[in-house]
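Please keep the structure in view while reading.

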Amino acid sequence: MSKSITIALAGNPNSGKTTLFNAFTGARHSVGNWPGVTVEKKEGKIQHNNAQINIVDLPGTYSLSPYSLEEVVARNYIVDESPDVVLNIVDASNIERNLYLSTQLMELGKPVVIALNMMDVAEKRGHKIDCKKLSELLGVPVVPIVAAQKKGIQDLLNTIVDVSKGKIICNPTDVDYGKEIEAKIKETIEVIKDNIYAHKFNPRWLALKVLEEDEAILKTIKLNLSKLQSHEQIAATSEMSLDDDFESVIVDRKYTHIAKIISKAVKKPKVFGLTTSDKIDKVLTNKWLGLPIFAGLMYIAFWFTFSIGNIFLDLIDGYFGALGESVGASLEVAGTADWLNSLVVDGIIGGVGGVLTFVPNIAFLFIAIGILEDSGYMARVAFIMDRAMRKVGLSGKAFIPMLVGFGCSVPAIMGTRTLEEENDRLTAILVSPFMSCGARLPIYILFAGVFFPGKESTVVYSLYMLGIVVAILAALTFKKTLFKGAAVPFIMELPPYRIPTIKGTGIHVWERVKAYILKAGTVIFSACLVIWFILNFNLSGMVEMQDSIGAGIGKVFAPIFAPLGFGNWQAALSLITGLLAKEAVVGSMAVIYGLGEAVGEAAVDGDVVGFISTLKTAGFTQLSAYAFMVFTLLYTPCVAVIGVVKRETNSWKWTGFSVAYQFVVAWVIALLVYQVGGLLGF
Amino acid sequence: MPLSMISNGQSVLLTDINWGPKLKKKLQDMGLTPGVEMIVISNDTNGSFILKVRDSRLVLGCSVTQQIMVQSIV
C-alpha cells in the first residue's frame with residue numbers, strides 16, 4: 001500500500017503524547033514550527049506494514065472550546081487538515097477527565113482511535129479497565145498501551161492502519177444531551193444543512209457549536225455564507241428552559257455520559273486515600289520547606305554541572321589542545337602561509353573548539369534540568385512560587401516559562417503562550433531572558449574557573465539566583481507600571497511524579513546538546529572567522545591585533561564599560577559578538593587571547609600559560625570579572641531571542657524596548673556590583 | 001461555603017462556580033462540574049490549593065478557590 005496515512009495525536013496535557021510520539025518515531029523525529037500556527041508542533045514519519053504513517057503531535061488540551069489558543073489550534077487542525085485518524089491518548093490512571101476530551105474529539109466526526117496509556121500506573125492503583133467493554137460503549141477502538149515501555153505499540157499501529165483502510169469502522173456513541181437539547185440540535189441541523197460550509201463539519205457537532213454560540217465557528221460560517229438565519233434565536237430559546245447556562249449543561253451531560261460508561265467498564269477500589277505522589281507533595285510543597293528545597297535542588301543541579309561536567313571538560317579540552325598543536329605543526333610543515341595557519345589554528349580550532357570544550361557542562365546542565373522537568377517537580381515549583389509571584393501580580397504559572405529559560409530563552413518565550421492574559425504574557429516575555437540560559441554557562445565556567453578557583457559552584461549559583469531576582473523585580477516593575485492588573489486566576493494541573501527514564505531524559509538532553517554543537521559548527525564558526533579577520537586586519541592589510549579593525553570597534557565601545565570595571569576593547573568586542581550567540585563571547589575571548597585550546601584548561605585549572613596575567617593586563621580583577629559575568633547574565637539577549645520576541649509580541653516597539661531595557665538593566669546592576677563591591681573592599 | 005475555607009484533607013462536593021463563562025468553562029473542562037467530589041491535598045501556601053478531583057491533581061489560586069462553592073460531605 002503506497003498511500004500514506006496521516007494521524008493526529010490529541011490528548012490532555014501530560015497524558016504521555018510526547019512519550020508515545022517518541023516511542024513511535026525513535027530518534028528520527030524532527031521538531032519544527034508550523035506556518036500560521038502559534039504552537040510548536042512535532043511531526044514524524046514511520047513505516048508500518050508497508051504503510052507510511054505521518055504523525056502530527058497536537059498541543060495538549062483539556063477541551064476543544066474556543067477559549068484558548070492551543071485548543072483552537074488542535075480543533076482547527078482536525079477540522080481543516082482532516083487527518084485520516086485522530087489518535088486520542090487517554091491516561092488510564094485519570095480516565096474520567098481524559099475521556100471528556102475524547103467525547104469532544106469523537107463529535108468532530110473523524111475516525112478516532114483511543115490509546116489507553118499508562119495502563120501500568122492504573123493497574124498499580126488497582127483500577128481494572130475492561131478495554132473491550134470500553135470500546136463497545138464508546139463505539140471506537142480502544143488499545144491499551146504503556147508508551148514509556150513501548151508496550152502495545154504494534155497493536156496500536158495495526159488498529160490505526162485497519163481503521164484508515166476501513167477494516168474497522170468507528171461508530172462513536174453520541175452523548176445524550178437530554179430531550180430538550182437533542183430537539184434543538186435536530187432543529188439546528190435543519191437550519192444549517194444548506195450552509196455550503198457545513199459539509200466540512202460533522203452536522204451534529206456544528207449544530208452544537210452554533211447553539212453554544214461559539215464565536216470562531218459563527219464567524220467562519222458567516223464569512224463563508226453571510227446569512228445563517230435565525231441561529232441566534234435558536235441559541236437564545238434553548239437557554240430559556242434549562243436550569244444552568246447552555247455550556248455548563250453540555251459539559252455536565254458529557255461527564256454524566258462518561259460516568260455511565262466508566263461505571264460499566266472500569267472497576268476502581270473505593271479507597272480515596274493519598275497516593276505516593278500526594279505524600280511527596282505534602283513535603284515538597286510544604287509551606288516552610290518548599291522554597292528551601294527548591295533552592296537546594298538548584299544548587300545540587302549546578303554543583304552537578306560543574307564537578308561532573310568539569311571531569312569531562314578536562315578530557316575534551318586536551319583533545320582540542322592537541323588538535324590545534326598538531327594541525328598547526330603540520331600546516332607549518334606543509335608550508336602554508338602564516339595567515340592561513342593562524343586562521344585555522346587560532347580562528348577555527350581555537351574559537352569553535354573553545355566553545356565545544358564546554359559541551360560536557362552543557363550536557364550535564366540539561367541532564368539536571370531534564371530530570372527536574374521529567375519527574376514532575378517543575379510544575380510544583382510553579383505552585384511553590386505562586387506566593388511570591390502573586391505579590392508581583394502574576395500567577396505561579398508565569399514562573400514555568402522562566403524556569404524553561406534556564407535551558408534557552410527561545411522556548412521560554414514561546415512557552416509564555418500558556419499564559420492567558422496578554423499583559424502577563426508580555427511581562428513574561430520581557431523578563432524571561434534574565435533567566436540564565438545554557439549558552440551563558442561557558443562564560444561563567446571560564447571566568448569563575450579563572451578568578452574564583454574552588455568557589456565556582458557558589459559563584460555561578462549566585463548568578464542564577466541573581467537572574468531570578470532581577471526577573472521577578474523587573475516583572476514587578478512592569479506589572480506596577482506598564483501592565484497594571486491583578487493576577488489572573490491560577491489554574492493548573494499537577495502531573496503525578498514519575499521516575500525519569502534514561503531514554504526520555506536522554507532524548508531531551510541529546511536534542512539540546514546537538515543544537516549546541518550544531519550552533520558551534522555554524523553560527524559560532526562563521527562568527528569566529530569574522531572575528532579572526534577583524535582582529536588580524538585593518539584597511540592597510542594584516543596587522544598586529546591592537547591595530548586591527550576589531551580592536552578599533554572594541555575601543556569605540558569600551559568606554560561604556562569602563563565604569564563597570566571592564567573598559568578594555570577585548571571585553572567590549574566579545575560582548576558585541578555575544579549578540580550573535582552568547583557562546584560567541586567565549587569564542588571571541590579564545591581568538592583574542594589566542595588560547596582557544598587552553599580555554600578549558602583555564603576553566604578547570606585556573607591558570608594556564610599566562611591566561612590570568614593576560615586577562616589582568618586587560619584590566620580584569622576578581623571584582624570586575626564578577627561584574628562582567630553579571631553583565632553577560634543580564635544584557636541584551638542573542639539574535640535568536642530577539643527574533644522570537646519579535647515573532648511572539650508581533651511588535652517592533654516591544655522588541656526594541658526589550659533589547660534596550662535589558663542593556664540598561666545589565667549596565668546599572670553591573671555598575672552597582674563593581675562600584676559597591678569596590679567600596680566594600682573586594 | 002467557598003472552597004477557600006476548607007482545611008487540609010477534607011472531602012467536599014462542588015455546588016457552584018461563581019464566575020464568568022470563560023473561566024467557568026475552563027474549570028468545568030478540567031472536571032469541576034456540580035456534584036463532583038474533591039479532596040483538599042494542600043492549602044499550605046497562603047491561599048493556593050492542591051485539589052484532587054476525578055483522579056487528577058489541580059492547583060487553584062486563591063482567587064479561584066474563593067469563587068468555588070462547596071458543601072462538605074456528611
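## Overall build

In this predicted model, chain A has 30 helices and 12 strands. Its radius of gyration is 29 Å, close to the 26 Å that the globule rule gives for 682 residues, so chain A is as compact as a globular protein of that length. Along the principal axes, the C-alpha atoms of chain A fill a box of roughly 85 × 55 × 55 Å.

## Burial and contacts

Of the 682 residues in chain A, 49% are buried. Contacts can also be sorted by how far apart the partners are in sequence. Among contacts in chain A between residues at least 6 apart in sequence, 73% join residues at least 24 apart.

## A pair of helices

Helix α22 of chain A covers residues 502-536, and helix α25 of chain A covers residues 583-592. The axes of these two helices come within 10 Å and cross at roughly 40°. Because angles under 35 degrees count as roughly parallel and 65 to 115 as roughly perpendicular, this angle makes α22(A) oblique to α25(A). The crossing of α22(A) with α25(A) is right-handed.

Which residues of the two helices meet? From α22(A) they are K519(A), A520(A), I524(A), A527(A), C528(A), I531(A), W532(A) and L535(A). Their partners in α25(A) are E583(A), A584(A), G587(A), S588(A), V591(A) and I592(A). By type, the residues of this contact between α22(A) and α25(A) divide into 10 nonpolar, two polar and two charged.

Note on methods: Residues are numbered from 1 along each chain as its sequence is written. Chains are lettered from A and ligands numbered from 1 in the order in which they are written. This is a predicted model: local features need pLDDT of at least 70, side-chain atom pairs count only at pLDDT 80 or more; totals for chains, interfaces and linings use all residues. Axes are lines fitted to C-alpha atoms, for helices over the stretch in contact, and angles run from 0 to 180 degrees between N-to-C directions. Helices (H or I, at least four residues) and strands (E, at least two) are DSSP runs, numbered from the N terminus. Angles under 35 degrees count as roughly parallel, over 145 as roughly antiparallel, 65 to 115 as roughly perpendicular and the rest as oblique. A crossing is left-handed if the near helix is turned anticlockwise from the far one by less than a right angle, and right-handed if clockwise. Two residues are in contact if their C-beta atoms, placed from the backbone, lie within 7 Å. Ala, Val, Leu, Ile, Met, Phe, Trp, Tyr, Cys and Pro count as nonpolar, Asp, Glu, Lys and Arg as charged, and the others, Gly among them, as polar. The radius of gyration is taken over C-alpha atoms; the globule rule is 2.2 Å times the number of residues to the power 0.38. A residue is buried if 20 or more other C-beta atoms lie within 10 Å of its own, exposed if 12 or fewer, and partly exposed in between; C-beta atoms are placed from the backbone.
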